[in-house]
Amino acid sequence: MPLGGEGTHGRVDRKEGMYFGPEHPDDHRHTGMPLHGKNQFPDATIPAMRPTILQYIDEIVALGTLVCAAMSISLGLDAHCIRDNYLLPEPVALFRAFKYSPRSESQTNGEVWGIGEHSDFGLLTLLNHNSPGLQILSPKNEWVDVPVLDNAIVCNAGDMLDMITGGRFKSTRHRVVPPPAGTYRISFPFFFDFSWTANMVYLPLDHMGPLSELQEAEAKQRWASGTFKSVSGQWWQYLAKKVQKVFPEMQLPDCEQNAAASSRFCIAVPT
Ligand SMILES: O=C(O)CCC(=O)C(=O)O
Ligand SMILES: [Fe+2]
């Protein structure tokens, strides 16, 4: 995706990047569906890229599974509850590598974003970055810089995780400020998602008691402005619909589950 090839909420982002996933065999049961198939690694020119990225994906999938075990325990559930209910036979995994560029000279502060304000879509985003720029909206409604820490991964809850946990894990709004002139920013967001055919149901959390009035009001506000109108059907129906909104020419079977408009869109860039 070239610089200017993607946007958020109607505005072009100041980023370029590449998307990769696990390498699937030709006879994989979901061959032909979005996010399944072979990667297009530049093996001839950068031979180290394929093994490096595939190893990164393997290790970060293991980390995502571990985070799900920690979340299950923190919700008073069996450690394998999220894995057994939503991740088998395999989570959907999307690795993205982004390079953010400074604003052009004619663009003013606040007019253009690296990525415009949004919340993430599914289960978890696990992000590695080399420099500041990512900001999250705090509970006090203030934009806060996410620090860049050595050997640390930023972990963001997605909209569907927020819904299936009844608002216990909040899907936080975030954005990226373009880097200062003369510099660039690299980030590797990894989308660790429910399995393609996971049944979307609420986690059994009656033992936790209700949210406070304020928590409930905030959760309802997040869900109303998020992507999903309900928790039902299978995960692929939400995901395929999202892909279809970005690539309308794709022919996909019925996937009406995800009714809201997508905040992200694609722009054709002349090469
Ligand atoms: O690159 C970043 O720091 C954030 C990326 C992001 O928010 C996303 O890919 O959804
Ligand atoms: Fe995001």
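This is a predicted model: local features need pLDDT of at least 70, side-chain atom pairs count only at pLDDT 80 or more; totals for chains, interfaces and linings use all residues.
Helices and strands here are DSSP runs, numbered from the N terminus. P89 sits in the loop between α2 (81–87) and β4, and the peptide bond that joins L88 to P89 is cis, with omega at about 5°.

L35, in the loop between β3 (15–20) and α1 (49–74), has a phi near 70°, which is positive even though the residue is not glycine. N151 also has a positive phi without being glycine, here near 50°, and its place is the loop between β8 (143–145) and β9 (154–157). As for accessibility, L35 comes out as partly exposed at 33%, while N151 is exposed, with a relative accessible area of 85%.

Because its relative accessible area is 11%, and the cut-off for buried is under 20%, S101 counts as buried. Leaving aside residues up to four places away in sequence, S101 touches L3, R14, E16, P178 and P179.

Turning to the rings, the structure holds 12 aromatic pairs. One of them is formed by F121 and W235, a tilted pair with 5.4 Å from centre to centre and 50° between the planes. F121 belongs to the loop between β5 and β6 (124–129) and W235 to helix α5 (residues 235–246), so this pair ties together parts of the chain that are 114 residues apart in sequence. Both F121 and W235 are buried. Elsewhere, ring pairs link F20, F41, Y56, F95 and F188 into a cluster.

Rings also turn up with lysines over them. K15 lies over the face of F98, at 5.1 Å from the ring centre. The ring of Y184 has the charged end of K99 sitting over it, 5.0 Å from the ring's centre.

Next comes the empty space. Rolling a probe the size of a water molecule over the atoms shows where such space is left. The structure holds 2 cavities of 30 Å³ or more. The largest cavity takes in about 150 Å³ of space. It is lined by 18 residues, and those closest to its centre are D120, T125, L127, H174 and P189. Strands β4, β5, β6, β9, β10 (174–176) and β11 (185–195) each supply at least two residues of this lining, and β11 gives the most, with 4 residues. By class, the lining of the largest cavity divides into 9 nonpolar, 5 polar and 4 charged residues.

The second largest cavity holds about 30 Å³ of space. T8, R11, V12, D13, E111, V112, W113 and G116 make up its lining. These residues split into 3 nonpolar, 2 polar and 3 charged.

Then there is the second largest pocket, with a volume of about 570 Å³. It is lined by 21 residues, and L137, S171, R173, E218 and R222 lie nearest its centre. The elements that give two or more residues to this lining are β7 (134–137), α3 (159–164) and α4 (213–225). Of these, α4 provides the largest share, 5 residues. Sorted by class, the pocket lining has 6 nonpolar, 9 polar and 6 charged residues.

Some elements come up under more than one heading.

Terms used:
Residues are numbered from 1 along each chain as its sequence is written. Chains are lettered from A and ligands numbered from 1 in the order in which they are written. Side-chain values use heavy atoms; hydrogens and water are left out. Buried means under 20% relative accessible area, exposed over 50%, partly exposed in between (1.4 Å probe, protein chains only). Contact means heavy atoms within 4.5 Å. On a 1 Å grid over the protein atoms alone, a cavity is a set of points where a 1.4 Å probe fits but cannot get out, and a pocket is an open set with protein on both sides within 12 Å along at least five of seven lines; lining residues have an atom within 4 Å of a point. Grid points are joined across faces, edges and corners, and a volume is the space filled by probe spheres set on the points. Ala, Val, Leu, Ile, Met, Phe, Trp, Tyr, Cys and Pro count as nonpolar, Asp, Glu, Lys and Arg as charged, and the others, Gly among them, as polar. Rings of Phe, Tyr and Trp (its six-membered ring) pair if their centres lie within 6.5 Å; planes under 30 degrees apart count as stacked, over 60 as edge-to-face and the rest as tilted. A charge sits over a ring if NZ of Lys or CZ of Arg is within 6 Å of the ring centre and within 35 degrees of the ring normal.
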